[in-house]
Amino acid sequence: MPQLLDYNLHENVVAFSTTRYGGFSTGAYGEFNINRYCGDDVESIRKNRALLCQQLGISDDRLIMPHQVHLAQSVRIDEAFLTLSEEDRQTRLEGIDAVMTHLTDVCIGVSTADCIPLLIYDSRHHAVAAIHAGWRGTVQRIAQQTIADMTAAYGSQPADLCVQIGPGISLDCFEVGDEVYDAFAQAGFDMPSISKREAKWHVDLPECNRLQLIAAGVPEARISVADICTVKQSDTFFSARRLGIQSGRIFSGIIYKHSPQK
């Protein structure tokens with residue numbers, strides 16, 4: 001079975017990130033990958049999805065993952081979405097980097113391999129969201145945009161949100177060119193708090209997203225950070241910088257359940 005990194009957001013919420021262990025994929029995709037957009041074997045992906053769904057206690061049609069493009073667009077998963085054909089679902093999920101739902105027993109999630117995954121739970125309205133925040137999405141403030149989208153969709157208020165920031169590239173390993181540093185600076189970020197200069201600039205993506213959440217009004221005490229660098233721990237978590245683009249992806253997912261898990 002897939003070996004998961006579990007998070008404690010609420011007793012009625014299952015939230016996790018997958019590790020590389022417990023599946024059928026091989027090589028740079030080994031062992032557990034369910035991302036269909038990175039070149040892995042289709043049958044391995046199918047079997048891995050089946051394993052994860054079995055472990056989560058859901059059917060495959062309730063495991064939702066978008067095709068991400070490093071923008072800040074979100075999609076709402078509602079009852080109407082669940083009635084769509086597979087082809088229509090993929091059309092709706094194309095170009096999406098954040099997913100949200102208020103439905104129970106539906107696992108929404110995002111794929112990363114150095115980018116930053118964020119999982120959100122609204123403790124008042126029982127809505128959840130999953131965000132893929134690469135550096136481009138972070139510059140576009142996708143975390144803040146998704147919170148605004150949750151407010152519009154569900155009435156969510158930042159003070160009621162609990163957020164988990166999952167495994168991603170660390171400040172030490174995220175070496176960037178001047179153009180990336182400049183993109184953050186021009187977007188108005190407080191560069192001394194999220195960057196440092198060595199041979200090249202380094203940017204702290206997890207911290208940048210944490211500060212965005214606080215600026216949006218999420219209480220600091222309700223934000224947890226996994227503090228796992230995917231590059232340094234690429235034996236356990238996929239890292240595109242370490243393994244190359246043609247490799248597996250971490251899936252970070254969240255489900256609101258009817259009752260506490262035993």
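This is a predicted model: local features need pLDDT of at least 70, side-chain atom pairs count only at pLDDT 80 or more; totals for chains, interfaces and linings use all residues.

Author: The protein has nine helices and 14 strands.

Reader: How does the radius of gyration of the protein relate to the globule rule?

Author: The radius of gyration is 17 Å, close to the 18 Å that the rule gives for 262 residues, so the protein is as compact as a globular protein of that length. Along the principal axes, its C-alpha atoms fill a box of roughly 50 × 45 × 35 Å.

Reader: What share of the residues counts as buried, and what share of the contacts links residues 24 or more positions apart?

Author: Of the 262 residues, 55% are buried. Among contacts with a separation of 6 or more, 69% join residues 24 or more positions apart.

Reader: Which members of the largest nonpolar core touch the most other members?

Author: A nonpolar core is a set of buried residues joined through side-chain atoms within 4.5 Å. Here the largest has 38 residues, and Leu-118, Ile-120, Met-150, Phe-184 and Leu-213 touch the most other members. Helix H5 (residues 142–154) gives the most to this core, with five residues. A second, separate core of 22 residues includes Phe-81, Leu-103, Cys-162 and Tyr-256.

Reader: With which residues is Ile-120 in contact, beyond its neighbours within four places in sequence?

Author: Its contacts include Ala-127, Val-128, Ile-147, Met-150, Leu-161, Cys-162 and Ile-254.

Reader: Is Leu-56 buried or exposed?

Author: The cut-off for a buried residue is under 20% relative accessible area. Leu-56, in helix H1 (residues 42–56), has 9% relative accessibility and therefore counts as buried. Not counting residues up to four places away in sequence, Leu-56 touches Val-14, Phe-16, Cys-107, Ile-255 and Lys-257. Leu-56 and Ile-255 are 199 residues apart in sequence, yet their C-alpha atoms are 9.0 Å apart in space.

Reader: Where are His-70 and Arg-141 placed, and what is the phi of His-70 and of Arg-141?

Author: His-70 is in the loop between strand S3 (63–64) and strand S4 (74–77), and its phi is near 65°, a positive value. Arg-141 is in the loop between helix H4 (135–139) and H5, with a positive phi near 60°. His-70 is partly exposed, at 29% relative accessible area; Arg-141 is also partly exposed, at 26%.

Methods. Residues are numbered from 1 along each chain as its sequence is written. Side-chain values use heavy atoms; hydrogens and water are left out. Buried means under 20% relative accessible area, exposed over 50%, partly exposed in between (1.4 Å probe, protein chains only). Helices (H or I, at least four residues) and strands (E, at least two) are DSSP runs, numbered from the N terminus. Contact means heavy atoms within 4.5 Å. The radius of gyration is taken over C-alpha atoms; the globule rule is 2.2 Å times the number of residues to the power 0.38.
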